[in-house]
Amino acid sequence: MDRRRFLALAAALVAARIALPLVALHPAWELHRDELLYFAMGDHLDWWRMQFPPLLPAIAAASKALFGPTVWAARVPAALAGGAMLAVVLVAVRALGGGAGAAALAALGSVAAPVFLRPSVLMHPVVLDECWATLALLGVVLALVRDDARWWLLAGVGFGLGTLTKFSAPLYGAVAFTATLLHPAARRQLATRWPWLAAALAAALGAPAITGQVAHGWPFLDQLAVLRAEQLSHVAVGDFLVGQVMMLGSASALAAAGLAWTVRGARDTSPLEVRRTSAVRWLACFAALLVAWYLAMRGKEYYTAAAWPLLLAAGSVAIVRARVPRARRLVLRVAVPVAIAAGAAVLFPLGVPCLEPRTMAVYVARLGVGGATNHGTELALPQDYADMLGWRAQAEAAAMAWRALPPA
């Protein structure tokens with residue numbers, strides 16, 4: 001498939017991915033409680049002295065100025081970020097040798113995985129964190145595939161913007177550096193100036209998030225201590241490992257195919273194919289290290305989400321380009337996408353709240369996925385959805401009380 005046709009297809013897939021959560025969202029769902037916080041932070045934006053990385057509050061302020069104090073002011077930025085992440089994934093598909101079929105399969109995987117679909121509904125740091133991390137990993141992949149260390153600068157941009165969004169980005173950078181040390185081809189690029197310039201670029205871009213922490217005595221560390229005491233203590237090892245599959249849903253098949261590529265090796269011995277396999281092996285190493293870290297630190301299962309988007313891209317390419325007998329090729333190219341689409345349809349309401357609240361509660365109960373909270377208790381709805389209800393009623397009650405006050 002030539003470059004122009006691939007770009008046209010990619011643009012259509014990204015546009016559809018952006019529109020999907022906006023069109024499917026049921027109007028009964030309100031702003032999420034955290035979105036109210038980010039809008040409030042945007043009202044008091046101080047780029048260099050905030051107690052929280054300032055990029056999301058800045059986006060919230062800009063979106064509120066554009067859409068007013070409405071639900072759309074939260075939904076549109078999240079949907080755009082979800083589409084941007086798919087665009088990065090499709091660039092990786094192309095770099096790894098995929099065409100139209102692999103691009104469509106990767107786009108399907110981005111919808112089938114609740115861990116990528118739900119964040120594109122909520123204006124949270126998660127969707128931006130996933131997007132910037134995927135962009136950073138793409139920089140390393142392109143550096144390996146094209147044998148050009150200058151692409152590390154793209155990784156620097158991704159890690160820098162990630163630091164402006166969420167403090168998990170420096171961890172991703174440390175894990176990426178460790179994976180590079182363990183990977184011969186990537187390690188050779190450390191002898192050039194580009195990875196080190198990328199680190200400097202990331203530090204420069206992320207500086208406002210760090211200066212705010214210094215100004216306020218590192219409140220992030222206090223927040224982390226509370227998080228570990230009140231929420232992470234409820235995370236069980238078994239639940240974390242099972243959660244790696246559950247959060248990907250039927251897109252787990254693509255991740256498995258991507259990991260299988262690291263074992264199978266290159267399709268042929270051409271230099272380009274060898275470099276592509278090398279890049280996928282670096283991605284697998286990054287994923288293994290990130291999962292191991294959060295497993296040891298008792299992190300929530302979705303903390304590892306950054307490890308998977310480009311492995312889904314690799315798996316999509318591997319399935320479409322697999323050299324197998326015709327009957328097995330039919331299974332791979334038809335049965336696998338159908339199975340992933342079926343899984344996506346079943347889990348879609350877990351990603352986009354397309355049902356009204358009472359129906360959603362029945363759906364969750366029948367599916368047996370539960371509504372576990374951050375503190376280990378159970379709700380009739382997933383906590384994200386429960387936190388999207390009741391705010392209008394509270395605002396109206398406060399307004400009535402305000403109007404009832406005497407002028408004095």
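A residue is called buried when its relative accessible area is under 20%, exposed when that area is over 50%, and partly exposed in between (1.4 Å probe, protein chains only). The model here is predicted, so local features need pLDDT of at least 70, side-chain atom pairs count only at pLDDT 80 or more, and totals for chains, interfaces and linings use all residues. Numbering starts from 1 along each chain as its sequence is written, and side-chain values use heavy atoms, without hydrogens and water.

**Exercise 1.** Work out how many residues of α7 are buried, then check the span of this helix.

*Solution.* Start with the cover: 21 of the 21 residues of α7 are buried. Helices here are DSSP runs of H or I with at least four residues, strands are runs of E with at least two, and both are numbered from the N terminus. Next, take 1.5 Å times one less than the number of residues. For α7 (residues 125-145) this gives 30 Å, and the end C-alpha atoms are 30 Å apart, so the two agree. Finally, step just past α7: Asp147 has a positive phi of about 50°.

**Exercise 2.** Describe the whole protein chain.

*Solution.* First, list its elements: 20 helices and zero strands. Then try the globule rule, 2.2 Å times the number of residues to the power 0.38, with the radius of gyration taken over C-alpha atoms. Because the chain has 408 residues, a compact globule would come out near 22 Å, and the chain has 22 Å, which agrees. Along the principal axes, the C-alpha trace spans about 85 × 50 × 45 Å. Last, go back to burial: 50% of the 408 residues are buried.
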